[in-house]
Amino acid sequence: MTTDITSSLAQYIAAQILQQPKRKIASDAPLISSGLIDSFHLVDLSLFVEKQFGVLLDDSELNKDTFDTLAQLAQLIRERQS
Amino acid sequence: MNTFSEVLRQYYLTCPDRVSVVLMQSKVPDEPITYGALVRGAAGYAQALARADVRPGEVVIVILQHGSDLIYAFWGAVLQGAVPSIMPFLTEKLAPERYRQDLAALIQTTHPAALITYPEFLPEVHRAMTSASTAADEAPRILVCTDVQPAEPDFEALGGLHRTGNDIVLLQHSSGTTGLQKGVALSHRAVFNQLEYYSAALHLSPQDVIVSWLPLYHDMGLIASFVMPLLRQVMLVLMSPFDWVRAPARLMQAISHYGGTLTWLPNFAYNFCAQKTREHDLDGVCLDSLRAVVNCSEPTYHSSQQAFLQRFGRLGLRAGALTTCYAMAENVFAVTQAGIDAPVTLDEVDQRALLVDRIATPVTGEGTARSDAMKMLSAGRPLPNVQVRVLEALPDGAYQDLPERHVGEIAIHSDCMLTGYYNRPDLTEKAFYQGWYLTGDLGYLAAGEVYVTGRRKDLIIVGGKNIYPQDLERLASEVPGVHPGRVVAFGVMNDAAGTEEVVMVVEVDVEDEDERLRIGDAIRQHVTRGSDVALRHVYIVDARWLLKTSSGKTARLANRDKYLAEMAQNAT
């Protein structure tokens, strides 16, 4: 379940945000603190999460303290889904 | 009145209860700040600066985030007669050591008498001061905002009331190593001249309400959306850029709630708002109070304005509210403004003639839309106190005027020009030709209106922020496996985003794909951490891919064309 979420997020980030569809993103790789996802794309990610998983991320949660890796984001999504 | 302080004193005495700013911050109720509270807050900082022996005319660097302290510290420095300069705050993606270097460079150029910041930021500031290697007796005093309390102003004692119109009132810097060397120094008189003519062009009145998310270290945020409303008694609703970028609907909600009449946006924000606003965040939002949404600070696109109108028109936004402006810090702010008295002129010109012959030839005849026509948005007429010429450089270094509709470099002359780049007379001299400021922008004149087509300098503008490619190239060259002179950065227009994005092409000697990917990632990370700029694409290529000029320098525009050609080929 979490693996599905992780791979779906990874695909979206690689293809839509980084525009490198073949790129692999490790589930523990820092996304925000590393600058991989900049602030302009955080809102894209939250819109994707809302549409894909029916989970609302508040804009105050779009920062590295709430989640910085795919694993952390997937965990957050799973918690809210249940 | 000749100085900012005189205006503040007058408002303090005549309308202390009038709201000057409504401060919006995530998770807390909106905070209205009256002129009385503004002056008392500022007076606290002015007195603290005086106690720290900061004298009129000396520079004060303000390193604070969006909030009342930033506002009070800025106006406090003004009241003390000092010269405030707002430095962007450290963001989470920028590496602290790089930020420290920028701050050290700023300290070395401006020799500030004081810095104002947060207690928790002191270690950063001390490290920067150490590396700025200023003599101990010249080291700036450090003021911590938590030590400063609002105070009743003693106007006679305030240094700001003993300044004259020709004195410098503020400094404004672009970001990055290159931008920080060019502190645009503006006099009270220059700012007042700008505000007088720009307010008239906008028909600005105390009934207006300006809503802004723009950062105050940028001219559009600082002048149009901060200094102008406060000095002209126009209520300002101010939110943080960090809150807006995570929830663009906040801008629409604030306009609706406060009856906003004016807002300034860089072009990308039209696309950003149109694409990234949730429908349910717009419930009950009404935008019919807006009389001007001003598109300014990066190239303007008709398609971006249309996308914005399409998304928000049904909420009451009128097509006639979409306006454009051409502005630069060196002219305080606006050079032109369009769309206030009449709709913005759309000039449809022949694409080939514009790009190849450098002449904007109107597409006429047949009455059918031509697919090769370019829709150029007019930036409007120059303000009455600004003159605009379009010049061509001659081989002997002189310039001559070009005829109407010919593309050349835009030069301006006005009574609101910068005093100079602070402590850099060399840079100031280079920027002018016979008293005319050479903007580096390319454009043409038609029927008295200004059209901006591009840039002569290879500056990249991303989301309204000026980025110097040489800064990014130097950063990339620090990555192991990358060599100086074998990397080039340039901007590529992204139509969907309505702004430029940064691409880097990097020559490497290794052929292993994994190793190349690793280098690409390292560049991406190092450049972002070093400049706060996210790269759209890092294109790793073989040796001898890059085109060089006869002097051995990389030719950014030629390499950009080569890159675009290769991308187009790969796509087919």
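## Burial and overall form

A residue is buried here if 20 or more other C-beta atoms lie within 10 Å of its own, with C-beta atoms placed from the backbone. By that criterion, 51% of the 572 residues of chain B count as buried. Please keep in mind as you read that this is a predicted model.

Chain B holds 17 helices and 29 strands. Its radius of gyration is 24 Å, close to the 25 Å that the globule rule gives for 572 residues, so chain B is as compact as a globular protein of that length. The C-alpha trace of chain B spans about 70 × 55 × 55 Å along its principal axes. Looking at contacts in chain B between residues at least 6 apart in sequence, 71% of them join residues at least 24 apart.

## Two assigned domains

The domain assignment of chain B gives domain 1 as 1–14 + 31–163 and domain 2 as 468–571. Between the C-alpha centres of domain 1 and domain 2 of chain B there are 38 Å. Where these domains of chain B touch, domain 1 supplies 5 residues and domain 2 supplies 4 residues. On the domain 1 side of this contact in chain B, the residues are 2 nonpolar, 1 polar and 2 charged.

## A three-stranded sheet

Let us turn to a sheet in chain B. It is an open sheet of 3 strands in the order β27-β28-β29, with mixed pairing. Its edge strands are β27 (487–494) and β29 (535–541) of chain B, each of which pairs on one side only. From one strand to the next, the twist averages 25 degrees.

Strand β28 of chain B covers residues 499–507 and pairs with β29(B) in the parallel sense over 6 bridges. Within β29(B), B:I540 is the residue that stands opposite B:V506. A helix also packs on this sheet: α15 of chain B (residues 469–476) touches β27 and β28 of chain B. The direction of α15 makes about 130 degrees with that of β27(B).

## Antiparallel pairs and a hairpin

Strands of a sheet pair through backbone hydrogen bonds, either parallel or antiparallel. In chain B, strand β7 (residues 168–172) and strand β8 (residues 184–187) run antiparallel, joined by 4 bridges. B:I168 stands opposite B:S187 of β8(B). Strand β7 of chain B is mostly covered, with 5 of its 5 residues buried.

Another antiparallel pairing in chain B links β13 (residues 322–327) to β14 (residues 334–337) over 3 bridges. B:A327 has B:A334 in β14(B) as its bridge partner. These two strands, β13(B) and β14(B), form a hairpin with 6 residues between them. In the turn, B:V332 has a positive phi of about 70 degrees. Strand β14(B) is also joined by 2 bridges to strand β17 (residues 381–382) of chain B, and the two run antiparallel. There, B:T336 stands opposite B:P382 in β17(B).

## Where chain B meets chain A

Finally, a look at the contact between the chains. Chain B has 15 residues in contact with 16 residues of chain A. On the chain B side, the elements that give two or more residues are α9 (241–246) and α16 (513–531). The residues of chain B on this side divide into 4 nonpolar, 4 polar and 7 charged.

How values were computed
Residues numbered from 1 in each chain as written. Chains lettered and ligands numbered in written order. Predicted model: local features only at pLDDT ≥ 70, side-chain atom pairs only at ≥ 80, totals over all residues. Pairing = 2+ DSSP bridges. Axes fitted to C-alpha atoms, helices over the stretch in contact; angles between N-to-C directions. Contact = placed C-beta atoms within 7 Å. Domains from an automatic or database assignment. Nonpolar A, V, L, I, M, F, W, Y, C, P; charged D, E, K, R; others polar. Buried ≥ 20, exposed ≤ 12 C-beta atoms within 10 Å, placed from the backbone. Rg over C-alpha atoms; globule rule 2.2 N^0.38 Å.
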